[in-house]
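This briefing concerns charged side chains and the places where they pair or gather. Please consult the sequence and the structure while reading.

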Amino acid sequence: MIGGTIYTRGRAAFTGGSPQAVFEELWLRERKSRLRTRAIIAGIALIVCGYAVSPLFGVLAGALAGGIDAAVHWWRYRSAGVWRRGLRGEERMARILRWTLERRGYRALHQRVVPGYGTVDTLLVGPTGIWLIDNQAYHPDTEITEHGGRLFIDDRTQSQLVKRLNGAARQAAETLTARLVAGEVTVTPMLAVHGGKVRRRRFVADGIVVGTPWRLLRWPAHDPTDELSPKRIEEIWRAAVYSLPIGGRTMTDA
């Protein structure tokens, strides 16, 4: 692309008017204010603890208070990393699964096409059931919550997202069931939230399990939807390989 760059690949996150670029600019602009506030916090801790206990304890308390404030801001900035790069988080989630659940008997397929619903990020098959994972990255101030069993993002319902995820999960289950020799399967949709503010650790809204990536890892074990043997896991995984191809390609039996 003329005038573009091979490093940013034309993503909106790197253009001057994008929310990501504005966030970066404001973050740099507020640096002096953050440092000033940090110094005040550390100074108060130093004076109070130094007077109440000892000068040495005051120095340690001041350093600790300043360090905690720095860590909080660092975590806030880092947690928005996926969103700031204009990504959705599918690659990050794939790495997390590879380090954790895939070492405990779960099998994952990434970037598979569900008939009628396009490409899904991940299909996870394990001892406790089958899960369809979609990744979404949000601005750090975005609120993701549940009211009356419905999913709200910044106080707005998410009809299209809910319809797409539930529909893809149902279609994936039907496709896998048709491929398997015996037995129906169910697929549970998950929404992995990268960034934003998830008001509860993890929750179910509109039939979708919602949470941050690391917190979602505990859901399959704590809330199983099925009990699958290693043999059954292998059967379902192979059925998914053939019936949910990459990029819409079809596969034939060997």
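By how many helical turns are Glu-234 and Arg-238 separated in helix α9? The two residues are four positions apart in that helix, and the separation is therefore about one helical turn. The model is predicted, and eleven salt bridges are counted in it. Side chains of opposite charge can pair when their charged atoms come close.

- Glu-234 and Arg-238 join their side chains in a salt bridge, at 3.0 Å from N to O.
- Glu-234 is partly exposed, at 24% relative accessible area, and Arg-238 is also partly exposed, at 46%.
- Glu-235 pairs with Arg-232 in a salt bridge, and their closest N and O atoms are 3.3 Å apart.
- Glu-235 and Arg-232 are three residues apart in helix α9 (residues 230-243), so about one helical turn separates them.
- Arg-232 is buried, because its relative accessibility of 17% is under 20%, whereas Glu-235 is partly exposed at 34%.

- Asp-206 and Arg-150 form a salt bridge with an N to O distance of 3.9 Å.
- Asp-206 lies in the loop between β7 (202-205) and β8 (208-211), and Arg-150 lies in strand β4 (residues 150-153), so the pair ties together parts 56 residues apart in sequence.
- Both residues count as partly exposed, Asp-206 at 22% relative accessibility and Arg-150 at 39%.

**A patch of positive charge**
- Arg-78, Arg-85, Arg-95 and Arg-98 gather in a positively charged patch on the surface.
- Arg-98 belongs to helix α5 (residues 90-99) and is partly exposed, with a relative accessible area of 43%.

Note on methods
Residues are numbered from 1 along each chain as its sequence is written. This is a predicted model: local features need pLDDT of at least 70, side-chain atom pairs count only at pLDDT 80 or more; totals for chains, interfaces and linings use all residues. Side-chain values use heavy atoms; hydrogens and water are left out. Patches are made of residues with over 30% relative accessible area and no salt bridge: like charges are joined within 9 Å, nonpolar side chains (Val, Leu, Ile, Met, Phe, Trp, Tyr) within 5 Å. Accessible areas come from the Shrake-Rupley method with a 1.4 Å probe; for residues, only the protein chains shown count as cover. A salt bridge is a side-chain nitrogen of Lys or Arg within 4 Å of a carboxyl oxygen of Asp or Glu. Lys and Arg count as positive and Asp and Glu as negative; His and the chain ends are not counted. The place of a charge is taken as NZ of Lys, CZ of Arg, CG of Asp or CD of Glu. Buried means under 20% relative accessible area, exposed over 50%, partly exposed in between (1.4 Å probe, protein chains only).
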